[in-house]
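Here is a short walk through one protein model. Take a look at the structure before reading on.

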Amino acid sequence: MNVIKRFGSAMIVPVLTFAFFGIVLGVSTVFLNPTIMGSLAEEGTAWFKAWSVIEAGGWTVFDHMELIFAVGLPISLAKKAPAHATLAALIGYFMFNTFINIILTEWPHTFGANLEKGVENVTGMKAIGGIETLDTNILGAIIISSIITWIHNRYYGKKLPEMLEVFQGLTFVVSISFFVTLVAAIITCIIWPTIQDGISSVQGYIIGSGYIGVWLYHFLERVLIPTGLHHFIWTPIDMGPVVINQGLKAYWFEHVSEFANSSKSLKEQFPYGFMLQGNAKIFSSIGIALAMYFTTPQENRKKVAALLIPATLTAVVAGITEPLEFTFLFIAPYLFVLHAVLTATMALIMYSVGIVGHFGGGLIDFVATNWIPLGANYWSLYVLQVIIGLSFTGIYFVLFRYLILKFDIPLPGREKKAENIKLYSKKDYKESKQSSNSKKEKNIPTGNEFKDKAYYYLDGLGGKENIKDVTNCATRLRLTVNDENKVSDNDYFLQDRMAHGLVKSGKSIQVIVGLSVPQVREEFESIIQDN
């Protein structure tokens, strides 16, 4: 399970880049829509040409998702020299597809794929990085990249005899990968048609399950967040071939102009548009935050507001909910289960009344990729979406407020000792370093918030000698330790809001840092590598 969690967190690294390009495509769709821009957006005008260039740039990551996943995974999965692991994965993925290309060229009838017809005319084929090959989508990229990263982790540091030292490191990894990818290519050519049939069956099941599938998808996507396994729920659907071959996100952007200019119902045009989890990130977060604020004693509300406002804005605007959700997850996990149930129910109601699209992120995503491009024809649908969303904001507020008061849940500001409710600052950290009795290595605050947090986490994790490997996802520092008994408890990491919490699963540790986790990880690795 620890390996699966680590792998799941690695998938988020390339996905984080997609948000910006999605906004670019959303804005381009608006400015290329004649219904909105009039004659200015007619084909052949300077306006049309200029925005066509920008739109083409927006398709960069969606047209090359396989390559992005192939080079993105090693950044998190590599235990050392991630840059070399990334290059090895890229070379290995090219070798894999090159082998497939030559196998299908030499034995076209054996594998049922004749490249002479051109990949655009053969089902299940695609040109990846200029190589005509089987369309294994991001699944193939993820598998090959993971295998090569494993080879890298195992053999990158291996010492070879003196006469073979020239082949050490990256060259040794790539050399091994040459033969591994050859075998992988042969196996893929043999079994991929069967896998494609299986994917088609899964597609049929998900599409055919209707409302049950919509509710279950959103429930699992939310309830699995603490484990990190939620990436396995939405990534294959949103980016991969589980529902639509190119993924729901790419399909949405490819057809959004067509949807915008049609008078048909949006659900009729895009019946697969059940990616509605963003509604929970906006409407649910507001209700939860209000319940937490109004159940806090009056004298502590200003301090709690200082914590809730940035966490809630992060969730509403950017769609990153973990800083808010983890505030109550560790203290009252049953509230998180209720949150998952309400999230799924809200999505089901919206989908049932015809609200579909790609609502995976926060408000920026809503406005740029849904409301503005399609607002002219579907504004009434989006008004209904807001009404339903705000209704659930009220439901969240009432239920969370009732349960917090009923069970006297000790959320921040409601503890008996609430004097430490404050945001982290350099001054606070210096004072806590002097007064804390927790085990720490001797180090001096640097004035760099990321480095100071890295030192603090390292102390709480048992020091350098206790760290086996480290990576991160969107908001969490993920580590494997040698001795979990040396890791401090959750209160240590919550002290002075140094982190949003701690998740322990045997030797697998997650420190909930927030959106600054990539910078903290960089400083953390620098410290543990410093001799």
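This is a predicted model: local features need pLDDT of at least 70, side-chain atom pairs count only at pLDDT 80 or more; totals for chains, interfaces and linings use all residues.

Which element gives the most to the nonpolar patch? Helix H10 does, with six residues.

The patch lies on the surface. Leu-139, Ile-143, Ile-147, Val-183, Ile-186, Ile-187, Ile-190, Ile-191 and Ile-195 form it. Together they have about 700 Å² of accessible area. Two helices each give two or more residues: H9, spanning 137-155, and H10, spanning 170-208. Take Ile-186, which sits in helix H10. Its relative accessibility is 39%, so Ile-186 counts as partly exposed.

Now step back to the whole chain. The protein chain holds 23 helices and eight strands. It has 531 residues, and 53% of them count as buried. Its accessible surface comes to about 23,500 Å². Carbon and sulfur atoms account for 63% of that surface. Then consider contacts between residues at least 6 apart in sequence: 72% of these join residues at least 24 apart.

Last, turn to the backbone. Most residues other than glycine have a negative phi. Asn-137 is not a glycine, yet has a positive phi of about 55 degrees. Asn-137 is placed in helix H9. It counts as buried because its relative accessibility is 6%, and buried means under 20%.

Asp-408 also has a positive phi, of about 50 degrees, and is not a glycine. Asp-408 lies in the loop between helix H19 (363-406) and helix H20 (426-435). Is Asp-408 buried or exposed? At 52% relative accessibility, Asp-408 counts as exposed.

How values were computed. Residues are numbered from 1 along each chain as its sequence is written. Side-chain values use heavy atoms; hydrogens and water are left out. Patches are made of residues with over 30% relative accessible area and no salt bridge: like charges are joined within 9 Å, nonpolar side chains (Val, Leu, Ile, Met, Phe, Trp, Tyr) within 5 Å. Accessible areas come from the Shrake-Rupley method with a 1.4 Å probe; for residues, only the protein chains shown count as cover. A salt bridge is a side-chain nitrogen of Lys or Arg within 4 Å of a carboxyl oxygen of Asp or Glu. Helices (H or I, at least four residues) and strands (E, at least two) are DSSP runs, numbered from the N terminus. Buried means under 20% relative accessible area, exposed over 50%, partly exposed in between (1.4 Å probe, protein chains only). Contact means heavy atoms within 4.5 Å.
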